[in-house]
Structure formats: C-alpha cells, structure tokens
Amino acid sequence: MIQAIDVCKSFDGRLVLDNISAQFEPGKTNLIIGQSGSGKTVLLKSLVGLHQIDSGRIMYGDICFNQSSLKEKRQIRQEMGMIFQGGALLDASTVEENVRFPLDLFTDMSTKEKKERVEFCLCRVNIQDANTKFPSELSGGMVKRVAIARAIVMNPKYLFCDEPNSGLDPKTSVMIDNLIKEITEEYNITTIVNTHDMNSVMEIGDTIIFIHHGKKWWQGTKDDILHSDNKELERFVFASAMAKKVKSATCVQHINATDVGK
Ligand SMILES: Nc1ncnc2c1ncn2[C@@H]1O[C@H](COP(=O)(O)OP(=O)(O)OP(=O)(O)O)[C@@H](O)[C@H]1O
C-alpha cells in the first residue's frame with residue numbers, strides 16, 4: 001500500500017499540492033483525476049520521488065520513502081514500474097531491447113532468463129512477432145502495450161501510469177485500460193493512474209481521487225461519482241452535454257429501481 005500523508009509541494013512560493021492525504025490500495029486501480037493544472041502530475045512525481053516534497057510523508061508500506069536512506073529508496077524504486085504519457089520508448093532500440101532494458105540495468109539474469117522474461121511480458125500484453133521492430137514502426141496502441149510490458153518486466157509491486165490513453169482512439173483506450181486493470185488484479189499491484197479520460201474513470205476506477213486547485217477535493221468509487229453532489233466534481237466529470245444526459249438518465253434509473261424495491 002502507498003500512502004500520502006499531509007503532502008505539500010510548492011514551486012517558487014506557489015503551493016501546488018495543498019496538504020494531500022490519500023491511500024492507494026494493492027490490487028486496485030487507483031485513479032487521480034482533475035482538470036489541467038490541478039496538480040495530478042506533481043502528485044504522481046512526488047509519489048515516485050521525482051519531486052522532493054516540502055512537508056508530509058510518502059509511505060510505501062512501513063517505510064517513509066521521502067525520509068528513507070539511499071539504499072531503501074533504491075530498493076523501492078526497483079519495485080516501481082512506470083508508464084509515461086507518450087510511452088517513452090527508446091527510439092533507437094527494438095521492442096525486445098526496450099522491454100529488456102530494466103533487466104539489463106538492475107538484474108544479473110542470464111541472457112536466456114532475460115529472453116524468457118521479455119517473451120512472457122510481450123505475450124502477456126498480446127504483442128507477437130514485433131521483437132525486432134522499432135517504436136517508429138508501431139501503432140500508438142502497440143507503443144502503449146510495449147510500455148506496459150517494460151513496466152511489468154521487473155515484477156513491480158507499484159505501477160504508475162501518467163495519462164496512459166493520451167493519443168489513443170476510444171476503442172484502443174478501453175483495451176489499454178482493461179489491460180492495466182487485469183495486470184493490477186492478477187499480480188496484486190498497487191496501481192496509480194493519472195487521467196483526464198472519463199471513459200477510464202467509468203471503466204477501471206476502483207478508487208478515485210479528485211484534485212482541485214492542489215487540494216484533495218473528493219474521493220470515492222466510479223459508482224459514487226454518479227450520485228455525488230459535489231459541485232466541482234460534477235462540473236469536471238459531467239462537463240459535456242452528452243455526459244450530463246448520461247448522468248440524469250442514470251439517476252432516473254436509480255430512483256426507479258429504488259421505488260421498485262419499496
Ligand atoms: N517543475 C515545475 N516548476 C514550476 N511549476 C510547476 C512545475 N511542475 C508543475 N508546475 C505547476 O504546477 C501546477 C500543477 O501542474 P501539473 O503538471 O501537476 O498539472 P496536471 O494536473 O498534471 O495538468 P495536466 O492534466 O494538464 O497534465 C501547474 O500550475 C504547473 O504549472
């Protein structure tokens with residue numbers, strides 16, 4: 001489990017994370033949502049130690065990550081997998097080399113063991129016959145799959161995904177979302193996903209944290225969102241006319257179902 005406790009972070013005297021406390025559970029897809037500039041990426045980067053926080057604690061199990069020794073930090077970092085917005089694959093390396101990269105860097109596995117692990121991960125994300133291809137030869141969805149394979153190659157306990165659906169069509173986005181959720185449950189990973197994508201929220205949001213102006217404004221599940229009366233959350237989630245219609249239709253169905261139950 002990962003916990004943020006009273007986390008504050010500012011840049012040049014401007015508070016960007018304002019006393020955030022949140023708990024991220026293993027085996028769950030924990031989403032961080034919020035409008036552009038609300039502080040989602042800063043929170044994610046603070047959780048993985050890419051930003052030093054001003055105050056508060058970031059706990060990985062019993063270990064306070066932001067106050068831990070270099071040795072403990074290195075240990076926890078090896079248990080993290082990351083999926084960045086654009087995939088962040090190495091352009092000059094093949095698919096196989098990209099996925100193998102963390103194994104080359106952090107393990108003393110034999111060539112045969114590494115090959116088997118890479119094959120297993122590529123197979124798990126349904127990428128076949130692409131080992132020798134370069135990122136420029138892949139579709140956007142394939143790039144994301146390879147990025148997921150690389151993120152899980154070290155058997156991570158923690159998976160961080162920054163906008164994993166950016167640049168993908170809705171159908172491919174749903175496939176990537178479901179792959180992240182399946183892997184999270186299968187390997188009991190604590191997964192944290194930053195997203196603007198409301199389809200993702202409704203598809204995979206086990207727990208959702210809504211950040212507004214750097215504060216944790218709301219927390220709940222995808223079902224709670226439909227019935228929440230938090231005005232800022234409602235304005236953010238149901239911004240389009242279509243989304244407003246879906247919400248009112250769902251609420252009418254909910255009221256009717258409740259009436260039938262009486
Ligand atoms: N390295 C930095 N130096 C100064 N200010 C920063 C830095 N990183 C982020 N900020 C500021 O912190 C605020 C929150 O940024 P953040 O990137 O976390 O937003 P976000 O919610 O992830 O937005 P988006 O959804 O558009 O990616 C913004 O006002 C941004 O300008």
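Two strands count as paired if DSSP finds at least two bridges between them. Helices (H or I, at least four residues) and strands (E, at least two) are DSSP runs, numbered from the N terminus.

The model shown in these views is predicted: local features need pLDDT of at least 70, side-chain atom pairs count only at pLDDT 80 or more, and totals for chains, interfaces and linings use all residues. Residues are numbered from 1 along each chain as its sequence is written.

**View 1. The hairpin of β4 and β5.** Strand β4 (residues 55-60) and strand β5 (residues 63-64) pair in the antiparallel sense, over two bridges. M59 stands opposite C64 of β5. Two residues lie between the strands of this hairpin, and G61 takes a positive phi near 60°.

**View 2. The four-stranded open sheet.** The strands follow the order β2-β1-β4-β5, with antiparallel pairing. β2 (14-24) and β5 stand at the edges with a single partner strand each, so one side of each is left without a neighbour in the sheet. Strands of a sheet pair through backbone hydrogen bonds, either parallel or antiparallel. Between β1 and β2, which run antiparallel, there are seven bridges, and V7 stands opposite I20 in β2. The hairpin of β1 and β2 has two residues between the strands, and D12 takes a positive phi near 45° there. Strand β1 (residues 2-11) is also joined to β4, by five bridges, and these two strands run antiparallel. The bridge partner of I2 in β4 is Y60.

**View 3. The six-stranded open sheet.** Here the order is β6-β7-β8-β3-β9-β10, and the pairing is mixed. The edges are β6 (80-83) and β10 (215-220), each with a single partner strand, so one side of each is left without a neighbour in the sheet. From one strand to the next, the twist averages 20° (angles run from 0 to 180 degrees between N-to-C directions; axes are lines fitted to C-alpha atoms, for helices over the stretch in contact). Helix α1 packs on this sheet and touches β3 (29-33), β6, β7, β8 and β9 (207-212) (two residues are in contact if their C-beta atoms, placed from the backbone, lie within 7 Å). The direction of α1 makes about 155° with that of β8.

View 4. Strand β7 (residues 158-162) and strand β8 (residues 190-195) run parallel and are joined by five bridges. F160 has I192 as its bridge partner in β8. β3 and β9 also run parallel, with four bridges between them, and I32 stands opposite I209 in β9. β9 and β10, by contrast, run antiparallel and are joined by five bridges. The bridge partner of H212 in β10 is K215. In the hairpin of β9 and β10, two residues lie between the strands, and H213 takes a positive phi near 50°.

**View 5. Helices α3 and α4.** Helix α3 (residues 95-106) and helix α4 (residues 111-124) pack at an angle of about 120°, and their axes are 10 Å apart. The two helices are therefore oblique to each other (angles under 35 degrees count as roughly parallel, over 145 as roughly antiparallel, 65 to 115 as roughly perpendicular and the rest as oblique). E96, V99, R100 and L103 of α3 make the contact with K114, R117, V118, C121 and L122 of α4. This contact has five nonpolar, no polar and four charged residues.

**View 6. Helices α5 and α6.** Helix α5 (residues 140-152) packs against helix α6 (residues 170-186) at an angle of about 10°, with the axes 10 Å apart. α5 and α6 are therefore roughly parallel to each other. On α5, the contact is made by G140, G141, K144, I148 and I152, and on α6 by T172, M175, I176, L179, I180 and I183. The residues of this contact divide into seven nonpolar, three polar and one charged.

Note on methods: Nonpolar A, V, L, I, M, F, W, Y, C, P; charged D, E, K, R; others polar.
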